[in-house]
Amino acid sequence: MTPLLEAKGIVKHFGRVHALRGADFTVNSGEVVALIGDNGAGKSTLVKTLSGVHAPDAGQILFEGREVHVPTPEAARELGIETVYQDLALAPDLESSANLFLGREVMRGGLLGRLGWLDTAAMRQKTASAFSDLGVGVQDVTAPVANFSGGQRQGVAVARAVTWASRVVFMDEPTAALGVVQTRRVLELIRRVRDRGLSVVLISHNMPEVMEVADRVEVLRLGQRVATFKRGEATMEDLVGAMTGALVQS
């Protein structure tokens with residue numbers, strides 16, 4: 001089976017810092033693949049390279065088996081790739097529907113649209129539908145995001161990515177700042193995204209969460225992929241051992 005998205009031998013330097021040293025990574029259609037590694041392993045750099053934030057110094061990016069260049073986030077979006085960054089990139093003073101359509105605003109028809117009038121009702125309706133489909137616990141789409149809990153903000157960011165993604169959603173530490181109940185909701189959200197046919201790349205330090213939701217786990221260490229595990233193939237000790245170098249996968 002041809003992978004949906006694949007990185008081969010990705011190299012990235014920041015001055016004298018070698019963030020990626022020939023990193024490989026594979027995403028298959030309709031799966032949750034976890035990308036794990038210790039601090040400084042290169043996880044975020046790899047994700048930013050695949051999502052058009054950083055240009056690789058060497059290596060290939062393949063999409064459905066063909067080599068592609070992803071020079072900007074816009075180019076990644078054209079491939080159907082969206083990213084939920086750790087800081088969420090939300091505008092807290094705007095309502096959730098405005099955040100969902102940020103940079104993709106719907107204009108009203110006719111002269112009013114040409115004069116710059118937004119179709120607020122249409123955006124609110126689509127936002128409410130997206131929240132309902134994904135189980136995002138936001139009742140009032142007109143309320144400023146600043147009023148939301150951490151879990152609700154994460155839900156808005158994920159819903160925005162899922163609304164516009166057609167193939168892959170990257171999620172960078174989506175539960176890092178959340179409590180137990182909010183974390184459980186985000187993990188369920190990840191399952192719902194996969195069940196819609198999208199691939200999810202989960203970047204996380206939380207091993208129990210990874211083992212719970214991931215269909216496959218890829219491990220980075222010192223800028224290179226050092227291990228790959230399918231669901232049920234590895235214990236938590238195996239994952240930690242691969243991250244630290246104590247376990248070498250044959």
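The model is predicted, so local features need pLDDT of at least 70 and side-chain atom pairs count only at pLDDT 80 or more, while totals for chains, interfaces and linings use all residues. Residues are numbered from 1 along each chain as its sequence is written, and side-chain values use heavy atoms, with hydrogens and water left out.Let's start with the cores. A nonpolar core here is a set of buried Ala, Val, Leu, Ile, Met, Phe, Trp, Tyr and Cys residues joined through side-chain atoms within 4.5 Å; buried means under 20% relative accessible area, with a 1.4 Å probe and protein chains only. The largest one has 35 residues, and Val84, Phe131, Val169, Met171, Ile190 and Val193 touch the most other members. Elements giving it two or more residues include helix H5 (120-134), strand E7 (168-172) and helix H7 (180-195), but helix H6 provides the largest share, six residues. Helices (H or I, at least four residues) and strands (E, at least two) are DSSP runs, numbered from the N terminus.

Take Ile190: leaving aside residues up to four places away in sequence, it touches Val32, Met171, Pro174, Val200 and Leu202, with contact meaning heavy atoms within 4.5 Å. Apart from this core lies another, of 27 residues, among them Leu20 and Leu79.

Now to strand E3, residues 32-36. How many of its residues are buried? Five of five. Val32, Ala34 and Ile36 point one way, and Val33 and Leu35 the other. In a regular strand, side chains alternate between the two faces of the sheet.

Finally, the neighbours. Strands pair if DSSP finds at least two bridges between them. E3 pairs with E8 in the parallel sense over four bridges, and Ala34 has Leu202 as its bridge partner there. E3 also runs parallel to strand E9 (residues 216-221), joined by four bridges, where Ile36 partners Val219. Thanks, all!

Notes. Buried < 20%, exposed > 50% of the residue type's maximum accessible area, 1.4 Å probe, protein only.
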